[in-house]
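Trainee: Could you take me through the surroundings of the ligand in this model? Please go step by step.

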Amino acid sequence: MRSDDMKPITLDLFADAEVQQPATSQQIGEQSFVLRGFALPWLDRLLPALETVLRAAPFRQMITPGGFTMSVGLSSCGALGWTTDRSGYRYTPTDPQTARPWPAMPVVFLELAQAAALAAGFSDFMPDSCLINRYVPGAKMSLHQDKDERDYSAPIVSVSLGLPAVFLFGGHQRSEKSQRVPLFHGDIVVWSGVDRLRYHGILPLKDGQHSQLGAQRINFTFRTAG
Ligand code: MD3
Ligand code: FE
């Protein structure tokens with residue numbers, strides 16, 4: 001017997017990023033699930049695609065109808081992008097800053113959003129919008145509801161990258177007590193059904209340095225908006 005016949009067989013189970021490893025899933029609401037680390041095998045494709053989107057539609061701080069400048073920087077890709085100004089919130093087909101259509105949603109963005117939705121039980125998620133939020137230390141998102149989409153029956157899929165953040169998950173009224181859910185680099189959350197209209201927000205980002213993304217947190221939120 002030759003010695004190489006004795007070599008143990010090593011199966012590289014995760015060689016293909018499309019083969020989803022059994023991510024640890026955590027239920028945070030009746031119809032809300034955190035898929036821990038789900039996006040990690042996709043990052044090699046995701047980050048270059050993100051750079052392409054941001055070259056065409058850089059982060060900008062928008063003004064709320066109340067006249068406050070958001071601390072979070074926003075961009076979008078896909079057929080529709082979310083914007084706010086003094087006159088209100090809306091989804092638009094063009095970037096108000098360039099008057100051009102929002103950048104197309106990269107194929108890898110769509111594939112990741114659909115893989116995560118499938119893992120949460122949604123087999124035909126078709127997002128037409130990806131909002132990209134950038135938090136620097138101190139940036140936050142106050143408690144709010146997402147009510148600008150046409151159809152609330154579709155899930156929302158969000159991807160967290162970079163510095164960790166504390167997600168506030170409230171109830172159907174602003175006054176209800178929120179639970180705090182830490183979100184880390186690579187985590188994906190899928191919200192749907194009764195949880196779709198719950199109040200939510202992000203606590204001020206703590207200072208720090210992420211090895212790949214530096215001093216920031218980036219969040220993608222995929223929605224069926226139109
Ligand atoms: C929970 N973004 O863009 S994840 C937002 O991390 C937003 O940047 C946060 O809230 C962030 O609107 C939180 C996205 C999210 C979106 C919709 C939800 C969480 C949700 C709807 C219901 C419950
Ligand atoms: Fe929101």
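Mentor: Start with a contact. A polar side-chain atom of His-200 is 2.9 Å from an oxygen atom of ligand 1. Arg-217 also places a polar side-chain atom 2.9 Å from a ligand oxygen. For Asn-133, a side-chain N or O atom is 3.0 Å from an oxygen of ligand 1. A polar contact here is a pair of N or O atoms within 3.5 Å.

Keep in mind that this is a predicted model: local features need pLDDT of at least 70, side-chain atom pairs count only at pLDDT 80 or more, and totals for chains, interfaces and linings use all residues. Residues are numbered from 1 along each chain as written, chains are lettered from A and ligands numbered from 1 in written order, and side-chain values use heavy atoms, without hydrogens and water.

Now the shell. Around ligand 1 there are 20 residues, where near means a heavy atom within 4 Å. Tyr-135 and Arg-223 are among the closest. By class, the shell has 8 nonpolar, 6 polar and 6 charged residues. In this scheme Ala, Val, Leu, Ile, Met, Phe, Trp, Tyr, Cys and Pro are nonpolar, Asp, Glu, Lys and Arg are charged, and the others, including Gly, are polar. Strand S16 gives the largest share, 4 residues. Strands are DSSP runs of E, at least two residues long, numbered from the N terminus.

Next, the site. Ligand 1 sits in the largest pocket. Sitting there means that more than half of its atoms lie within 2 Å of the pocket's grid points. A pocket is an open set of points on a 1 Å grid over the protein atoms alone, with protein on both sides within 12 Å along at least five of seven lines; lining residues have an atom within 4 Å of a point.

Last, the record. The unreviewed UniProt entry has a "binding site" annotation that includes Trp-82, Tyr-89, Arg-90 and Asp-148. Such annotations may be inferred rather than shown by experiment. Trp-82 belongs to strand S5, residues 81-85. Another "binding site" annotation in the unreviewed UniProt entry includes Ile-218. Ile-218 is in strand S16.

Key. A polar contact is a pair of N or O atoms within 3.5 Å; within protein, one must be able to donate a hydrogen and the other to accept it, and residues adjacent in sequence count only if both atoms are side-chain atoms. On a 1 Å grid over the protein atoms alone, a cavity is a set of points where a 1.4 Å probe fits but cannot get out, and a pocket is an open set with protein on both sides within 12 Å along at least five of seven lines; lining residues have an atom within 4 Å of a point.
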